[in-house]
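Work through the exercises below with the sequence and the structure in view. Each task is followed by a solution in steps.

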Amino acid sequence: MTHVLFSTSPEQAAAWAPHLTRIGAELSIPFTLHLDAAAIPPEKVEMLVLNPVQGMKDLAPYGGARVIQSIWAGVESFLGNPTLPVGPVLCRMVEPGLTEGMTDYICGHVLRHHLDIDRHIRQSAEGRWEPSVPPLSRNRKVGVLGLGALGADAAAMLARLRFDVAGWSRSPKAVEGVLCLHGEAGLREILARSEILVTILPSTAETRHVLNAETLALLPRGACIVNPGRGPLIDDDALLAALASGQVRHATLDVFVTEPLPAEHLYWRHPRVTVTPHIAAETRPEDAAHVVVEQIGRMIRGEPLLNIVNPARGY
């Protein structure tokens, strides 16, 4: 029997366990699910399913495992763990529910900024009647930094909403209905055209502070930023300066260098910053459990695993 250890909070384990066992039975994939690390010797664990933040921190005893499967799309939390063993194959979470949730978040906030909903809410609260008409979506330029699974889906949906969408990635990509740019020249081009900019890049040494004083200055004046990607993508001091000068009109931020966002952080009190508590792409167990069980089946059968992480690239 294949032994799988799921390391996370007790509350999350209780939410996931029924789905994992049910799907395993439905697909006739034989495995024993363990929720308590103390109840199974590390050398017997063949797959470690891990919440990188709420799960165990000392991963060194699991060097004999075949696979470490994260339940998060982002991998910097466990790639940065100094006890991460080199033996197991590392996999990240990619599943339809997570992708759909991220696309919902991005489209919702792009539409909010496009329609200037915040201003109408303020006017309503103040009893002011000041009509204004936004441009049609086909006349609004939106940029998406990052065309992985999440970014490509969001960019394609924005294009179906008739926005003039461009996307950027390090290497060439193709997304239907989206102007796809890449490389240093492509980055400057997409920044110069993006009235609303979405950042959905992974957090790596290359992407740290991709939005800084120099790159923020390339945006059209009064641009809006939506960041559901990773906190380190943005230089916070540079963004606060751009907000103060009017170079950036509003920033909607779902992720931060330190989470939860400290109570004293200026973002909480800034009138043109919206803080959301890392909710853009929550992993829903009823959907993601299918991916975990499929990975178990692939491991048992010796088939190629899904969504393998390249530690050298950081994603």
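**Exercise 1.** Does Lys141 count as buried, partly exposed or exposed, and at what relative accessibility?

Solution. The model is a predicted one. Step 1: Lys141 has a relative accessibility of 31%. Step 2: buried means under 20% and exposed means over 50%, with partly exposed in between. Step 3: Lys141 therefore counts as partly exposed.

**Exercise 2.** Find the salt-bridge partner of Lys141 and state which parts of the chain the pair ties together.

Solution. Step 1: the partner is Asp164, and the closest N and O atoms of the two residues are 3.7 Å apart. Step 3: Asp164 has a relative accessibility of 24%, so Asp164 counts as partly exposed.

**Exercise 3.** How many salt bridges does a search of the whole structure find, and which residues are joined with Asp116 into one network?

Solution. Step 1: the search finds 14 salt bridges. Step 2: one of them pairs Arg119 with Asp116, with the closest N and O atoms 2.8 Å apart. Step 3: another is formed by Glu126 and Arg128, where the corresponding distance is 2.6 Å. Arg128, at 33% relative accessibility, counts as partly exposed. Step 4: through shared partners, salt bridges join Asp116 with Arg119 and Arg249 in one network.

**Exercise 4.** Describe the nonpolar patch that includes Ile117.

Solution. Step 1: the patch on the surface is formed by Leu111, Leu115, Ile117, Ile121, Met157 and Leu161. Step 2: their accessible area together is about 430 Å². Step 3: α3 (96-115) and α4 (117-126) are the elements that give two or more residues to this patch. Step 4: Ile117 is placed in helix α4, and at 34% relative accessibility Ile117 counts as partly exposed.

**Exercise 5.** How many cavities of 30 Å³ or more does the structure hold, and which residues line the largest cavity?

Solution. Step 1: there is one cavity of 30 Å³ or more. Step 2: the volume of the largest cavity is about 40 Å³. Step 3: its lining consists of Asn227, Gly231, Ile234, Asp236, Leu253, Val255, Phe256, Val257 and Tyr267. Step 4: sorted by class, the lining of the largest cavity has six nonpolar residues, two polar residues and one charged residue.

Note on methods
Residues numbered from 1 in each chain as written. Predicted model: local features only at pLDDT ≥ 70, side-chain atom pairs only at ≥ 80, totals over all residues. Heavy atoms only, no water. Salt bridge = Lys/Arg side-chain N within 4 Å of Asp/Glu carboxyl O. Buried < 20%, exposed > 50% of the residue type's maximum accessible area, 1.4 Å probe, protein only. 1 Å grid on protein atoms, 1.4 Å probe; cavity = no way out; pocket = protein on both sides within 12 Å on 5 of 7 lines; lining within 4 Å. Points joined across faces, edges and corners; volume = space filled by probe spheres on them. Nonpolar A, V, L, I, M, F, W, Y, C, P; charged D, E, K, R; others polar. Patch = residues over 30% accessible without salt bridge, like charges linked within 9 Å, V, L, I, M, F, W, Y side chains within 5 Å. Areas by Shrake-Rupley, 256 points an atom, 1.4 Å probe, with all protein chains shown as cover. Helix = DSSP H or I, 4+ residues; strand = E, 2+ residues; numbered from the N terminus.
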